[in-house]
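Colleague: I am new to this structure. Please show me how to read it, feature by feature.

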Amino acid sequence: MLNAVIKFLTSTKKLGLIIVDEVDYHCKRYRKEKIIYDLTRLDETAPQGYSNIVGVIFIARDPKWTKNLDEAEISSLGRIQIKFNPYTSKQLKDILMERSKIAFKPGVVSEEVIDFIADVSSTPPINGDARYALDLLLYSGIIAEQRGSQRIKAEHVRLVHSNLCPTITSEDINELPQKLLYLLFAVAKTLKTHQTPYVHFNEIKSTYQIICETNNIKPVRDLYEALDDLAARELITIKGFTKIGISGVTTEALLHYIDDIIRRIEKIIENS
Ligand SMILES: Nc1ncnc2c1ncn2[C@@H]1O[C@H](COP(=O)(O)OP(=O)(O)OP(=O)(O)O)[C@@H](O)[C@H]1O
Ligand SMILES: [Mg+2]
């Protein structure tokens, strides 16, 4: 594909800029593909000696993402790094204001409630995660509606906050490919059945097989590899075959949290 892009740009005398998002995930998952090498030496490898690609921007969550690259890749990678700090309370407030204008009728969300959500989401353990703040707003709205309240109150936010967990947000789940969604579902179900912080690979495997059969879907070919993909997305933790779990939650919060994940995934599967 890269060659086709370069051919198009050079033949039409157009310039291009490549932006690779979540590059740390790609490097972890596809270590052998050497995408960094190819993308940083475009002019060297293009047959005509130039590619018309004026730059490549890599976006990573992990600031240490380059540590597993080889020397040739590191050497051709630029040294300019821009660090985006976590959102502050004020910045989260701006985002929440903007989004609540689209989502709610006027008067449903007060500035006071927005401030509260922004404060909760800008301090530990959430540390400025905008997706978490948006989830908090969304679920608080759902609770207010369920309780027949015309407005979102701080108590709705508090209730949701005590039941949500920062490690897996709705956006994470929404963006997951279907086959991984069923697998995450299987991990959550197995953890819920066993009520332990970790479960064995074989236990997940049997839950997963049942889920695939009941939903009439084709299981993934390599289950461990797919679990590894979930781990690379930081949705689960894997410590060998025997210890697979969901990270970042205390044992007592785990059960509640797993219920929540199961409900969210079920909703997506139902609607798909
Ligand atoms: N200015 C904004 N207005 C409206 N929504 C926003 C704004 N900024 C962020 N969001 C919402 O918050 C989500 C997360 O934003 P964030 O900036 O953390 O994404 P990101 O930089 O891609 O994060 P990650 O590193 O986790 O991929 C976005 O997908 C969007 O839904
Ligand atoms: Mg992103």
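Colleague: What does the accessible surface of the protein chain come to?

Modeller: Accessible areas come from the Shrake-Rupley method with a 1.4 Å probe; for residues, only the protein chains shown count as cover. Here the protein chain has about 16,700 Å², and carbon and sulfur atoms hold 53% of that. This is a predicted model: local features need pLDDT of at least 70, side-chain atom pairs count only at pLDDT 80 or more, and totals for chains, interfaces and linings use all residues. Residues are numbered from 1 along each chain as its sequence is written, chains are lettered from A and ligands numbered from 1 in the order written, and side-chain values use heavy atoms, leaving out hydrogens and water.

Colleague: How do I read the side chains along strand β1?

Modeller: In a regular strand, side chains alternate between the two faces of the sheet. Strands are DSSP runs of E, at least two residues, and helices are runs of H or I, at least four, both numbered from the N terminus. In β1 (residues 16-20), G16, I18 and V20 point to one face and are buried. Buried means under 20% relative accessible area, exposed over 50%, partly exposed in between (1.4 Å probe, protein chains only).

Colleague: How many aromatic pairs does the structure hold?

Modeller: Rings of Phe, Tyr and Trp (its six-membered ring) pair if their centres lie within 6.5 Å; planes under 30 degrees apart are stacked, over 60 edge-to-face, the rest tilted. There are 4 pairs. Among them, Y224 and F241 are stacked, 4.6 Å centre to centre with 20° between the planes. Y224 sits in helix α13 (residues 223-232), F241 in the loop between β4 (237-239) and β5 (243-245).

Colleague: Why does Y224 count as partly exposed?

Modeller: Because its relative accessibility is 25%. F241 is partly exposed too, at 44%.
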